Amino acid sequence: MPPPNITGRAHLGHGSTYTAQDILTRYHRMLGENADWIPGQDHAAIATEAVLVREFAKEGLTRENLGRAKYLERAWAWREQYGGEINDSFRKLGFGPDWERERFTLDPALSAAVAKVFVALYRQGLIYRGTRLVNWDPESQSTLSDAEVDDEERDGFLWHIRYPSEDGSFSIEVATTRPETMLGDTAVAVHPADERYRNLVGKHVVLPLVGKKLPILADDAVERDFGTGAVKVTPAHDPLDNEIGERHALPMPSVIGFDGKMTDEVPQAYRGLDRFAARKAVVRDLERDGLLVKTEPRRHTVPVSSRSGAIVEPLLSLQWFCRMKPLAEPALQAYRDGRVRFVPERFGRTYEAWLENIRDWNISRQIWWGHQLPVWYGPSGETIVAESEEEAYALAKREHGIAELTRDPDTLDTWFSSGLWPFSILGWPEKTPELEHWYPNQVLVTGREIIFLWVARMVMLGLKFAGDVPFREVFIAPLVFDVHGRKMSKSLGNAIDPIDLIAKYGADATRFGIVRQMRLESQELRFDERFCEKAREFNNKTWNALRYLKSLPEGLPAAGTLPPKEKLGLADRWILTLLRQTVVNVTNALDAYEFGVAADLLIDFVWYRYCDWYLEATKTPSETRAAVLSYSLNVTMRLLHPLAPFVSEEIWQALPHDGATIVTASWPDPTEIPHDDGAAERYEAVIGVVTKVRDFRAQLGLAPREKLTLEVPAALDADARNLLALHANATLAEISGDGVGGEPLAAVTVRAPKEILRERARKEVERLDGEVARLEKKLANEQFASKASPDVVAKERAKLAGYESERARVRAQFAAFGGENGSA
């Protein structure tokens with residue numbers, strides 16, 4: 001189970017992602033496999049800390065005045081009180097994971113695994129500490145990984161600024177969307193092949209508002225087509241500028257601090273200003289000094305924290321990093337050689353592209369809730385990395401001769417522990433029976449938005465520490481939107497709580513209604529609540545079928561028994577043949593992760609075949625009906641169980657069977673179900689005739705209870721005759737002959753009572769009399785005849801002739817049905 005955040009509540013996204021996992025687990029368990037779905041929860045470091053800070057603020061408290069020990073005590077108490085809410089929702093949705101093996105990312109065993117992996121990577125040179133440009137969230141006061149930053153399109157401005165030379169002989173115009181960062185510029189860069197600036201490279205300009213000299217340098221990273229082709233270089237506050245700064249050994253002053261305010265590196269007028277207030281002040285002063293060339297409205301990409309929603313600030317910071325290239329190569333190879341497969345396949349390219357362009361991972365976070373770094377520092381800056389405090393002190397004494405250590409206060413990125421999830425929950429690093437039996441996992445079900453946040457990291461760390469990929473297949477469940485294709489949110493008023501759907505429709509109908517809308521070809525599930533309503537009707541239809549079975553006077557036979565094939569009637573053979581094919585089709589759909597297709601197949605069979613036709617066919621008593629009815633419903637409930645566990649269990653328990661619960665019942669084997677393709681085709685032909693008879697009845701406006709007469713060839717067999725009489729509510733009249741082309745059903749003719757046909761003909765004659773009279777009057781009008789073109793007049797006369805001909809035909813019918821003189 002992808003561990004949900006302890007801050008979370010169940011939402012419709014869980015409906016698609018987690019219901020799919022429950023379906024697969026129940027299905028494979030019924031296949032006889034030792035299928036296990038291990039649940040758990042994620043401590044969700046930054047998200048949880050944000051909630052806790054808000055809660056403490058209500059009491060007038062801060063994290064700092066509580067202190068780390070008291071803060072963590074309160075955090076664990078909060079987790080105990082609220083962390084289980086989502087599991088309660090999961091139980092209501094009918095999810096059946098292995099609750100006895102539930103894990104939490106901060107469990108002692110999982111925390112020990114995290115420490116072991118960190119130490120191993122550090123000792124192999126894959127984890128290091130350094131000052132690098134990081135994604136800084138001023139709101140949560142912590143770094144973010146690249147994958148935790150969302151790029152949002154927002155309306156803003158592009159400011160064009162003039163940087164003059166020292167002697168005033170020339171100037172360079174640069175463009176920026178973040179003018180406050182210019183206070184930290186250390187160069188102006190141009191492309192080496194840009195003819196406009198070639199003669200200026202090596203010269204200097206003066207940084208406006210600051211007054212210091214900036215070199216003009218050439219670098220291939222500059223885009224000649226952006227703005228003026230000349231760019232300001234702020235190495236401490238932009239990833240590309242940072243790379244240019246490193247290549248050219250530029251100074252890197254930090255002008256924006258971790259609090260989002262301007263630092264002492266800027267002129268006095270701007271110190272202490274919020275970054276956005278500083279932006280306004282800088283633009284104002286540039287305009288005052290005549291250095292603001294122009295301002296252009298511009299829609300551009302803004303980095304936003306996925307945790308707090310704050311605009312992310314690139315800042316230089318001393319942090320811990322993990323080298324990713326050595327870990328990414330084996331993970332890429334595992335995908336390319338087919339050891340990891342994505343469904344749908346196109347998401348494999350998302351995985352591949354991220355690993356191909358991977359950068360080192362900033363793994364340290366400036367928060368307290370989470371796995372504290374297993375790092376200690378000595379009085380003179382000695383760094384000790386160890387799995388435990390005891391080991392750290394022993395190493396410090398042995399290697400450095402020191403006894404005084406201070407632990408690094410930072411914690412690890414949440415995704416570090418989540419990356420170990422597939423093997424840490426099975427007991428790694430111990431060689432447990434669970435690890436031996438269930439690693440690699442069979443399938444991961446998750447969302448596309450965390451392919452790189454989580455999926456890729458699990459593959460990298462699984463290969464590194466467990467010796468194999470963590471799963472063979474990754475099924476990407478669709479994202480859930482509202483019926484109009486909008487993202488669900490409280491602000492839009494379109495968010496739906498699945499618990500509310502359960503209260504309205506029941507858990508089975510909620511699950512069934514959601515998964516029925518899932519299709520592999522679409523990764524956008526536009527949730528329509530009417531599917532849940534239809535699913536509830538389907539459940540009621542199935543329940544009523546059981547009530548019908550229980551009402552049979554002969555009772556139901558022992559479990560799984562069917563009469564000999566030779567005793568089965570035409571309808572029996574038809575429904576069993578369809579049942580066999582439905583088992584095959586539903587099995588294939590589940591194997592292909594086509595949950596919506598499986599749901600459609602079950603509705604089609606149960607509602608439109610079993611209930612609408614076969615139950616009707618058994619209204620005439622037979623010695624086989626009870627057995628076939630019971631057998632078919634038993635098999636169908638086992639097919640339905642993974643999708644609708646509650647109603648399938650209730651109905652199955654009311655039928656004869658040998659098991660204790662449908663959960664451990666076997667998945668139906670199609671080879672055990674008798675079939676007769678010829679009989680099935682014959683019954684479908686009967687359905688075709690009955691459907692035409694019902695259409696004829698509707699055309700005449702006859703009520704279903706009013707009998708019609710069917711003329712049937714003498715060669716038609718008794719089974720087909722009885723079914724036609726029953727389904728069509730008709731009296732049969734035998735005629736001679738073998739039918740059309742030797743097929744008696746093709747020659748069946750429907751006859752309605754003469755009085756009904758006579759009345760229908762009378763009304764038609766009345767209508768045609770009116771049309772004839774209208775056209776005769778029109779053609780007799782001299783004005784029409786004189787003003788209308790000959791073509792129009794000819795068309796009207798042709799219409800009149802047609803109506804007269806049709807009236808003559810209908811009058812003849814009316815006379816044949818007993819009308820007087822053929823007149824209406």
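## Close-up views of a predicted model

View 1. Residues are numbered from 1 along each chain as its sequence is written, and side-chain values use heavy atoms, with hydrogens and water left out. T176 belongs to strand β6 (residues 171-176); helices (H or I, at least four residues) and strands (E, at least two) are DSSP runs numbered from the N terminus. With a relative accessible area of 9%, T176 is buried, where buried means under 20%, exposed over 50% and partly exposed in between, for a 1.4 Å probe and protein chains only. Not counting residues up to four places away in sequence, T176 touches F157, L158, W159, I161 and K232, contact meaning heavy atoms within 4.5 Å.

**View 2. An open sheet of four strands.** The strands follow the order β8-β9-β7-β10 with mixed pairing, and two strands pair if DSSP finds at least two bridges between them. Its edge strands, β8 (204-206) and β10 (230-233), each pair on one side only. Strand β7 (residues 187-190) pairs with β10 in the antiparallel sense over four bridges, and V188 has K232 in β10 as its bridge partner.

**View 3. Nonpolar cores and the contacts of F527.** The largest nonpolar core has 105 residues, and F475, F527, L590, F595, Y610, Y683 and L724 have the most contacts inside it; such a core is a set of buried Ala, Val, Leu, Ile, Met, Phe, Trp, Tyr and Cys residues joined through side-chain atoms within 4.5 Å. Helix α20 (residues 595-617) gives the most to this core, with 14 residues. Leaving aside neighbours within four places in sequence, F527 is in contact with residues including L12, V480, M488, I514 and C532. C532 is itself buried, at 0% relative accessibility. A second, separate core of 60 residues includes F118, L426, L444 and L461.

**View 4. R721 in helix α24.** R721 lies in helix α24 (residues 718-728) and is buried, with a relative accessible area of 18%. Its contacts, apart from neighbours within four places in sequence, are V712, P713, A714, L716, L732 and E734. The C-alpha atoms of R721 and V686 are separated by 9.0 Å, although these residues are 35 residues apart along the chain.

**View 5. Backbone geometry in loops.** The peptide bond from W428 to P429 is cis, with omega near 15°, and P429 is found in the loop between α13 (421-424) and α14 (433-438). A cis peptide bond also joins Y439 and P440, with omega about 0°; P440 lies in the loop between α14 and β20 (441-447). A44, a residue other than glycine, has a positive phi near 50° and is buried at 1% relative accessibility. Y593, in the loop between α19 (570-591) and α20, likewise has a positive phi, near 65°, and is buried with a relative accessible area of 7%.

Methods:
This is a predicted model: local features need pLDDT of at least 70, side-chain atom pairs count only at pLDDT 80 or more; totals for chains, interfaces and linings use all residues.
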